[in-house]
Amino acid sequence: MSTTGPQIVERVYRRLGDNPNAPIIDPVQVHDVVNQCVREIASPMRLGVGQYWVDSILTVGAGDRDYTFPTTLAGVANIEYDQVVSLRYNGTFLPLKRISRDELDAGRALGATATGRQASYALWQGPDQVVNLQFKGFPTQTEALDALISVVPEDWEDGATNPPTIPFSKRAQDALVLLTAAKVGAPSSQDKLDALRLDQKTFQRWEADAERILAEERLRVIGLKMTHGPRNFAWVAGWVL
């Protein structure tokens, strides 16, 4: 049961008792704190649900320099990974260098179509969150690539028509809402707090509740990884239900 940034913002406003159409708390502040809290909760020090090495995520073949990353991994469908942090050749662990699309396009325009094992690549993401891989030249043999990916978006743009998914469980989403509401509410002026009929003790209670939920979810994530294996992406499917 994944969610998105705008859905979390809506829930934060409900928690605060604020009207998003005529907000007392600045929407830009709420947006920024949601991004901050997503990164914090997903970090290794919290739930550890951020980055994974996925073995043989795709296979490159002779004569083809354009590829699309799969959106189904280990039986988990509709996977979004805004970040492909690193790529390497499977087996040899030889890393590939990431270059910009401008550099790739310039190389192709100059006829950079050398064949052989490719040492660099460029990525671009479509509006449907699908990640595309391109080489300057053409591989000459079939080889699998491993990818270090991040399934949790580092950021989402306010007003995005197709915001990336936040793959958190229901309880982790609840903690995200509580933590965000506490962090945006606590620094507010007394006039804003009076208008919302809130006080600092309420924010302290929300943050404490969020910490309790996250501690329980951390144990759940650890158990799922031990059951499925940390390199088996299938544990994510069980967690987000």
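**A mixed sheet and a pocket**

In this predicted model, R98 stands opposite Y121 of strand β6. That pair belongs to the contact between strand β5, residues 97-98, and strand β6, residues 120-125, which run parallel to each other and are linked by two bridges. On to the next neighbour: β6 also pairs with strand β7, residues 131-134, this time in the antiparallel sense and through four bridges. Within this pairing, L123 has L133 of β7 as its bridge partner.

Taken together, these strands belong to an open sheet of four, arranged in the order β3-β7-β6-β5 with mixed pairing. The edges are formed by β3 (66-68) and β5, each of which pairs on one side only. Helix α3, spanning residues 101-109, packs on this sheet and touches β3, β6 and β7. The direction of α3 makes an angle of about 120° with that of β6.

Attention now turns to the pockets. Rolling a probe the size of a water molecule over the atoms shows where empty space is left. The second largest pocket has a volume of about 200 Å³. Its lining includes a run of residues from V76 through A77, N78 and I79 to E80. S2, V151, T165 and P167 also line this pocket, as do F233, V236 and V240. What is the make-up of this lining by class? Eight of the lining residues are nonpolar, three are polar and one is charged.

Conventions:
Residues are numbered from 1 along each chain as its sequence is written. This is a predicted model: local features need pLDDT of at least 70, side-chain atom pairs count only at pLDDT 80 or more; totals for chains, interfaces and linings use all residues. Side-chain values use heavy atoms; hydrogens and water are left out. On a 1 Å grid over the protein atoms alone, a cavity is a set of points where a 1.4 Å probe fits but cannot get out, and a pocket is an open set with protein on both sides within 12 Å along at least five of seven lines; lining residues have an atom within 4 Å of a point. Grid points are joined across faces, edges and corners, and a volume is the space filled by probe spheres set on the points. Ala, Val, Leu, Ile, Met, Phe, Trp, Tyr, Cys and Pro count as nonpolar, Asp, Glu, Lys and Arg as charged, and the others, Gly among them, as polar. Two strands pair if DSSP finds at least two bridges between them. Contact means heavy atoms within 4.5 Å. Axes are lines fitted to C-alpha atoms, for helices over the stretch in contact, and angles run from 0 to 180 degrees between N-to-C directions.
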